[in-house]
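Student: I would like to work through a model feature by feature. Please give the general idea where there is one, and then the case at hand.

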Amino acid sequence: MERHQVVIAGGSGGIGLELVRLLAPRAAGIQVWSRTRGGLEPDGVVRHVECDFTADQPLPEPPESVQAAVYCPGSITLRSFRSLSVADFRQDLEVNLLGAVRFLQTLQPRLVGHDGRPASVVLFSTVAVAQGMPMHASIAAAKGAVEGLVRSLAAEWAPKVRVNAIAPALTDTPLAARLLSSPEKREAMAARYPLKRIGTAADAAAVARFLLSDESGWMTGQVLGLDGGLSTLKV
Ligand SMILES: NC(=O)c1ccc[n+]([C@@H]2O[C@H](COP(=O)([O-])OP(=O)(O)OC[C@H]3O[C@@H](n4cnc5c(N)ncnc54)[C@H](OP(=O)(O)O)[C@@H]3O)[C@@H](O)[C@H]2O)c1
């Protein structure tokens, strides 16, 4: 990631913030686009740019050339289908899918590789797309659309840009705070996973860094499960 210009949508909290911390020592520059600075400490490498991906207004000006881009904003809407309105579905689509579309349309002209290698884009899905779960209709539908976007853009942009996604299960971030608000809830959640723990922001940031780096240089159009074994194992 040396000399890379990186843009991280939603790098002020949760997984995105952890990724900024991981990349900062080696990147040439990191722009973080989000509504607030959150836990971010801007310095010579890291710059915060205020931006709301759900607002109907132009996004910020990206750097001249961008080698790596990540879109983190998302939601966890856990409600029965009966209690979900069309507006709820629309809201999940806004932040998870259409925000990513706005982000990538803004960045597309600036996404260029380096030393003959493609640029790399990472988006976030959820385990609830690959494995049907009750109460997940809205978020799974929105993230299913994200997975379709990932594969389509990976095809359309090859060989100049790689596009991959991470599909996490429950990860300990501000987004999931409501589900992990007591030691009992944490224990019960951890017990559901074959690896007997929930995910951390560091788990997800490490996979994102791998997908951005040349170590994953022959991967594109993939959705990587990051779920303690939940989507594939029955133990
Ligand atoms: N945590 C989980 O259990 C889990 C599970 C499955 C999938 N995922 C997915 O993983 C991704 C990262 O999740 P996370 O847990 O790290 O989320 P998080 O803790 O909520 O962090 C989200 C980041 O995005 C920014 N953001 C949110 N809405 C935005 C908007 N409208 N415009 C601009 N910035 C916005 C937030 O900053 P500001 O508030 O300052 O704008 C923050 O920096 C999401 O796509 C999520 O759906 C997470």
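Student: In which sense do strand E1 and strand E4 (residues 68-71) pair, and over how many bridges?

Tutor: This is a predicted model. E1 and E4 pair in the parallel sense, over 4 bridges. Within E4, Val70 is the bridge partner of Ile8.

Student: With which sense does E1 pair with strand E2 (residues 29-34)?

Tutor: The pairing of E1 with E2 is parallel as well, over 5 bridges. On the E2 side, Trp33 is the bridge partner of Ala9.

Student: How should I read the two faces of E1, and which residues lie on each?

Tutor: In a regular strand, side chains alternate between the two faces of the sheet. In E1, Gln5, Val7 and Ala9 lie on one side, with Val6 and Ile8 on the other, and all are buried.

Student: Why is E1 described as largely enclosed by the rest of the structure?

Tutor: The cut-off for buried is 20 or more other C-beta atoms within 10 Å. For E1 (residues 5-9), 5 of the 5 residues are buried, so the strand is largely enclosed by the rest of the structure.

Student: What surrounds the ligand?

Tutor: The shell holds 28 residues, and the closest are Gly10, Gly14, Arg35, Gly74 and Thr173. By type, the shell divides into 12 nonpolar, 14 polar and 2 charged residues. H1 gives the most to the shell, with 3 residues.

Student: Where is Gly38, and how far is its C-alpha from that of Gly14?

Tutor: Gly38 sits in the loop between E2 and strand E3 (46-50). The C-alpha atoms of Gly38 and Gly14 are separated by 9.6 Å, and the two residues are 24 residues apart along the chain. Gly38 counts as partly exposed because it has 16 C-beta neighbours inside 10 Å.

Student: What span does helix H2 (residues 86-107) reach, and where does H2 bend?

Tutor: H2 has 22 residues and reaches 30 Å from its first C-alpha to its last, close to the 32 Å expected at 1.5 Å a residue. The bend is about 45°, at Glu94.

Student: Which residues of H2 are buried, and how do I read such a list?

Tutor: An α-helix has 3.6 residues a turn, so residues three or four places apart point the same way. In H2, the buried residues are Asp92, Asn96, Gly99, Ala100, Arg102, Phe103, Leu104 and Leu107.

Student: Where is the cis peptide bond?

Tutor: Ala158 and Pro159 are joined by a cis peptide bond, with omega about 5°. Pro159 is in the loop between helix H4 (137-157) and strand E6 (161-168).

Student: What is the phi of Asp115, and is Asp115 buried or exposed?

Tutor: Asp115 has phi near 45°, a positive value in a residue other than glycine. Its place is the loop between H2 and strand E5 (119-124). Asp115 is exposed, as 7 other C-beta atoms lie within 10 Å.

Student: What about the phi of Lys196?

Tutor: Lys196 is not a glycine, yet its phi is positive, about 55°. Lys196 belongs to the loop between helix H5 (183-191) and strand E8 (199-200). With 12 other C-beta atoms within 10 Å, Lys196 is exposed; the cut-off for exposed is 12 or fewer.

Terms used. Residues are numbered from 1 along each chain as its sequence is written. This is a predicted model: local features need pLDDT of at least 70, side-chain atom pairs count only at pLDDT 80 or more; totals for chains, interfaces and linings use all residues. Two strands pair if DSSP finds at least two bridges between them. A residue is near a molecule or strand if its C-beta atom, placed from the backbone, lies within 6 Å of it. Ala, Val, Leu, Ile, Met, Phe, Trp, Tyr, Cys and Pro count as nonpolar, Asp, Glu, Lys and Arg as charged, and the others, Gly among them, as polar. The expected span of a helix is 1.5 Å times one less than its number of residues. The bend at a residue is the angle between axes fitted to the seven residues ending there and the seven starting there.
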